[in-house]
Structures are given as C-alpha cells and as structure tokens.
Amino acid sequence: MTAARDYEDMHHLVDRLSPRQVRRLRLLVTQDEELAQVVEAVSPEQSSEEESVPEGLIALIGSIQGPADLAERHDDYLRERMERRFGNAE
C-alpha cells in the first residue's frame, strides 16, 4: 500500500511542476545511476541533454539582421525606436 501511495504522491507532485522544473527534475533523475536506466528504457532515442527545437525557431535562426550587440541591448534599441516613433513620454 505504501508504494501505491508514493506513486500517487509523486504523480501529483510532477503534475504541479512548471516545465522548467520538470526539465530540472529529469536532469536530476538522469544523473542517478539506477533511475537513469529507467529513463533510457522509456525514451532511448532522446538523450537527456538533447532538447527539441521548435520548427518555427529553426526557420527564424539566421534571418534577423541587426547590430552585433542586439541581444545585449535589445531593450535600449526598442526604447530608442519607440521614442523616435511616438516621442519621449517623459
């Protein structure tokens, strides 16, 4: 009876995790020798470090033209563009 209750408790716990928490839990499970064997048996075609990339993202990669520091300064660039278009709200 205890094993059934443990299983049910774990099932409810995993249901309440965010996707990020589920990925972290999966990482922890794959690092345990005994539990990693179960993960490999359930999904042998997907490694624990491999994440699938959405198809739309693959099409987007490489298609953005912009300054070299766009990723670091995107907020600044957006703010400047909004100020040019709508004026300074201050």
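Visitor: Is Arg 73 buried, partly exposed or exposed?
Guide: This is a predicted model, where local features need pLDDT of at least 70, side-chain atom pairs count only at pLDDT 80 or more, and totals for chains, interfaces and linings use all residues. Residues are numbered from 1 along each chain as its sequence is written, and side-chain values use heavy atoms, with hydrogens and water left out. Buried means under 20% relative accessible area, exposed over 50%, and partly exposed in between (1.4 Å probe, protein chains only). Arg 73 comes out at 29%, so the label is partly exposed.

Visitor: Which residue forms a salt bridge with Arg 73 at 3.3 Å?
Guide: A salt bridge here is a side-chain nitrogen of Lys or Arg within 4 Å of a carboxyl oxygen of Asp or Glu. With its closest N and O atoms 3.3 Å apart, the partner is Asp 76.

Visitor: How far apart are the closest N and O atoms of Asp 9 and Arg 5?
Guide: Both sit in helix H1 (residues 2-15), 4 residues apart, about one turn of the helix. Asp 9 is partly exposed at 41%, while Arg 5 is exposed at 59%. Their salt bridge has a closest N to O distance of 3.8 Å.

Visitor: How many of the residues lining the largest pocket are nonpolar?
Guide: A pocket is an open set of points on a 1 Å grid over the protein atoms alone, where a 1.4 Å probe fits, with protein on both sides within 12 Å along at least five of seven lines; lining residues have an atom within 4 Å of a point. This one is lined by 11 residues, with Val 14, Leu 25, Arg 26, Val 29 and Val 39 nearest its centre. Ala, Val, Leu, Ile, Met, Phe, Trp, Tyr, Cys and Pro count as nonpolar, Asp, Glu, Lys and Arg as charged, and the others, Gly among them, as polar. Besides 1 polar and 1 charged residue, the nonpolar count is 9.

Conventions: Helices (H or I, at least four residues) and strands (E, at least two) are DSSP runs, numbered from the N terminus.
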